[in-house]
2 protein chains.
Amino acid sequence: MASIPIQNAVTAQPAEREYVIGLDLGGTNLKYGIISNFGEIVYKNFVPAETQKGGRRVIDVMKQAAYECLMFSKKENFSIKAIGAGCPGTIDSVNGRSLGPAPHIVEWEGVEITKPLSEIARVPVFADNDANFMTYGETAWGAARGFRYVVGLTLGTGVGGGIVIDGSIYHGHLFNGAELGHVVVEADGRPCACGNHGCLEKYVGAHAIVRDIIDAIDHGTKSSIMELVQSKNDINPAWIFKAAELGDELCTRIVNQMIQYLGAGISSMVNVLSPEIVVIGGGMSDAGDDFIAKVREETLSRVMKPVKPHLKIVRAKLGNDAGIVGAGTWALKKT
Amino acid sequence: MASIPIQNAVTAQPAEREYVIGLDLGGTNLKYGIISNFGEIVYKNFVPAETQKGGRRVIDVMKQAAYECLMFSKKENFSIKAIGAGCPGTIDSVNGRSLGPAPHIVEWEGVEITKPLSEIARVPVFADNDANFMTYGETAWGAARGFRYVVGLTLGTGVGGGIVIDGSIYHGHLFNGAELGHVVVEADGRPCACGNHGCLEKYVGAHAIVRDIIDAIDHGTKSSIMELVQSKNDINPAWIFKAAELGDELCTRIVNQMIQYLGAGISSMVNVLSPEIVVIGGGMSDAGDDFIAKVREETLSRVMKPVKPHLKIVRAKLGNDAGIVGAGTWALKKT
């Protein structure tokens, strides 16, 4: 049992503790836990999501995880009020089902999410997109706490996004909003799997920058990153940032280019939404505070003058837990 | 007196007619009129805005216009319930003042808008950005009537934008949202007066495309547009579209490029906001239905699969009246 107080309980208002289950479905693992209304994680675990076995199997994995949490709550003698389930892709949060495919889950389109979970748990269940819940988690208990207009970005293999306005997740028509990885940064740019050209994701996603490095090396560019990894297959963003830090020219160029594109993409989001704060999470935010500082600098150099003194660009605070905290806290709010 | 029923009164619900004044401040003229709660314009006029004489003088022009409308209502024996005032630039709609400069108005920053108008009219006054009111007007009585998620674009010298969600104007933090002309379409593109690079406005605004044509001609590109105009100074978007229609190669290329950039910019807005409908107004929408059809085609080729069957891209319906109708109708809603 992991008991991680995220926020000093003294600052929270409610008198009694209430508990919810948060599920966060990723491409590889399902993360899950029990969250309190004080933002504490009182139980936490993860299992392989078995995404290659298809959407229905993934739901079984989620049911098992929910059952494990329910058993824990029974043993500890408290009750579970609701479940929040964060999932990749377009999620119909009203009817609790997947509306579209997800890159890492076989047969994910049209799968029921909330119904099977509520059958096992007999509590209200709320499903939403994982990046929406990450952004909500950061707004409820993390880096964006207290802010009214919040944009969240998850920089991973792809780029996900969430928008929280006045404490509510913004979905747009038919839940297709906040696809922030598909803001265009080059009108005639790289073709994207989404059907568009020049999407942000194609320039700053982990997959994209690894591809950029390998292509350059294949075309004869020398890079000291090859001294850090055993083979080209081992190149990942962490090594790219490390090599750039050590002064490698190719990696420095690719990281700088990525920062430029991120600044351009975020400035578009800022000019549309005028958020108070942009929270950057996902695996690549682990590149550290220096990286975030550079993204902040590039973005602030691009936004309009009245925005400059107010806009915050910060690193996510809850790390890998933002998804389960957001899912659980949202479920509690909606119950 | 112009009496223009915008919408068949039979479809509207209220039993009694109520009247509001709508003001729409442009770079050259102030348009104004009296709007009913049935969406009719019962009085309409315009005067030079005298923008070169400074923001305070412009307010005097607005006061005179409001007075003229009040006198008309007195003569016709009905009362005015409220005033809406649409103005360029960033408008603090809570405190009714300008927060920033506007390209065509001298000393516009910090000018009080609602206070002087309410002193003369003794009714509630509401100020907002002109493109916001245009979008609201189209949502209340025009092309976007009945839609929940609306994006409005005004294609003129520059590019303005408005966002209406659930019948409310979206402002963002400190009223800096919906700057849709400053969505980036080329990360390393043309420098923009806003401080950014590659803004949509720099590729599709009237000023930008006229500049593109003149530059090309100055660099020796032959164009039949010179047979349509007396001198290069007479080139404007209407002539560019005309020349393209007549088969001129340069103008066709510039128009196609403009459509590509518009599609890219709108697809970014769609991926952030997931609107149901994008309404295109402003002087350049007069290029006609064929132009709008091409912008629609380019945009739909870029948006995500689930969005394609639903997204509407349409030409504004209220034309030059959208601003005064939106301003008046918003004031009525807020009263």
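## A walk through the two chains

Start by selecting A:Val151: A:Val278 of strand S11(A) stands opposite. (Strands are DSSP runs of E, at least two residues, and helices are runs of H or I, at least four residues, numbered from the N terminus.) This is a predicted model, so local features need pLDDT of at least 70 and side-chain atom pairs pLDDT 80 or more, while totals for chains, interfaces and linings use all residues. Residues are numbered from 1 along each chain as its sequence is written, chains are lettered from A and ligands numbered from 1 in the order written, and side-chain values use heavy atoms, without hydrogens and water.

Now select residues 149–155 and 277–281 of chain A: these are S8 and S11, which run parallel and are joined by 5 bridges. Widen to the open, mixed sheet of 5 strands, ordered S10-S9-S8-S11-S12 (two strands pair if DSSP finds at least two bridges between them). S10 (168–169) and S12 (312–315) of chain A stand at its edges with a single partner strand each, so one side of each has no neighbour in the sheet.

Next, pick helix H9, residues 289–300 of chain A, which lies across S8, S11 and S12 and runs at about 160° to S12(A). Axes are lines fitted to C-alpha atoms, for helices over the stretch in contact, with angles from 0 to 180 degrees between N-to-C directions; contact means heavy atoms within 4.5 Å.
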